[in-house]
Amino acid sequence: MTPKQAIALAKASVLDIFAEEEIEDITLEEVRFDDERNHWLITVGFYRPISKAVARARSGLVGAIVNAASTRKTFKTVRIDDKSEAFKGIEHRAVEGVDG
């Protein structure tokens with residue numbers, strides 16, 4: 001499998017898994033290959049809506065400003081098997097200074 005194929009599969013997997021959340025703007029962040037497992041590790045970023053419960057909990061001027069920006073950036077690393085091209089998992093990718 002080529003890196004481009006792995007990236008396309010990773011993005012499609014993220015779109016499918018998070019479909020109910022109406023995510024937006026999927027961006028490629030990192031591409032790595034795990035030689036021991038023969039897996040592609042593709043990190044993508046995307047915007048997901050802030051939950052309604054969080055939005056309701058925020059009040060006042062600061063809350064109104066934050067709620068106006070009603071999405072937050074999230075990063076996920078998707079694992080794709082090189083030989084079978086199968087989705088193997090998805091993990092949260094913590095990024096310093098970014099809420100997600």
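The model is predicted, so local features need pLDDT of at least 70 and side-chain atom pairs count only at pLDDT 80 or more, while totals for chains, interfaces and linings use all residues. Residues are numbered from 1 along each chain as its sequence is written, and side-chain values use heavy atoms, with hydrogens and water left out.

**The nonpolar core**

- The largest nonpolar core has 12 residues: Ala6, Ile7, Ala10, Val14, Phe18, Ile23, Trp40, Ile42, Val44, Phe46, Val78 and Ile80.
- Two or more of these residues come from each of α1 (3–17), β2 (39–49) and β3 (71–81).
- A core here is a set of buried Ala, Val, Leu, Ile, Met, Phe, Trp, Tyr and Cys residues joined through side-chain atoms within 4.5 Å.
- Buried means under 20% relative accessible area, exposed means over 50%, and partly exposed is in between (1.4 Å probe, protein chains only).
- Helices (H or I, at least four residues) and strands (E, at least two) are DSSP runs, numbered from the N terminus.
- In soluble globular proteins, nonpolar side chains tend to be buried together.
- Leaving aside residues up to four places away in sequence, Val44 touches Lys11, Val14, Ile26, Thr27, Glu29, Thr74, Phe75 and Lys76; a contact means heavy atoms within 4.5 Å.

**Helix α1**

- With 15 residues, α1 reaches 21 Å from its first C-alpha to its last, close to the 21 Å expected at 1.5 Å a residue; the expected span is 1.5 Å times one less than the number of residues.
- Ala6, Ile7, Ala10, Ser13 and Val14 are the buried ones in α1.
- These residues cover an arc of only 125° around the axis, so they sit on the same side of α1; the arc is that of the directions from the helix axis to the C-beta atoms.
- Lys4 and Asp16 are exposed on the other side of α1.

**Aromatic pairs**

- There are 2 aromatic pairs, counted when rings of Phe, Tyr and Trp (its six-membered ring) have centres within 6.5 Å; planes under 30 degrees apart are stacked, over 60 edge-to-face, and the rest tilted.
- Phe18 and Phe46 make a tilted pair, because their ring centres are 5.2 Å apart and their planes stand at 45°.
- This pair links distant parts of the chain, with Phe18 in the loop between α1 and β1 (24–34) and Phe46 in strand β2, 28 residues apart.
- Phe18 and Phe46 are both buried.
- Phe33 and Trp40 form an edge-to-face pair, at 4.8 Å centre to centre and 70° between the planes.
- Phe33 is partly exposed at 29% relative accessible area, whereas Trp40 is buried at 11%.

**Salt bridges**

- The whole structure has 3 salt bridges, each a side-chain nitrogen of Lys or Arg within 4 Å of a carboxyl oxygen of Asp or Glu.
- Arg48 and Glu21 meet at 2.9 Å, N to O, joining strand β2 to the loop between α1 and β1 across 27 residues.
- Arg48 is buried at 9% relative accessibility, while Glu21 is partly exposed at 31%.
- Glu30 and Arg93 have their closest N and O atoms 2.8 Å apart; Glu30 lies in strand β1 and Arg93 in the segment after β4 (87–92), so parts 63 residues apart in sequence are tied together.
- Arg79 pairs with Asp34, with the closest N and O atoms 3.3 Å apart; Arg79 is in strand β3 and Asp34 in strand β1, so this pair ties together parts 45 residues apart in sequence.
- Arg79 is buried at 15% relative accessible area, and Asp34 is buried at 19%.
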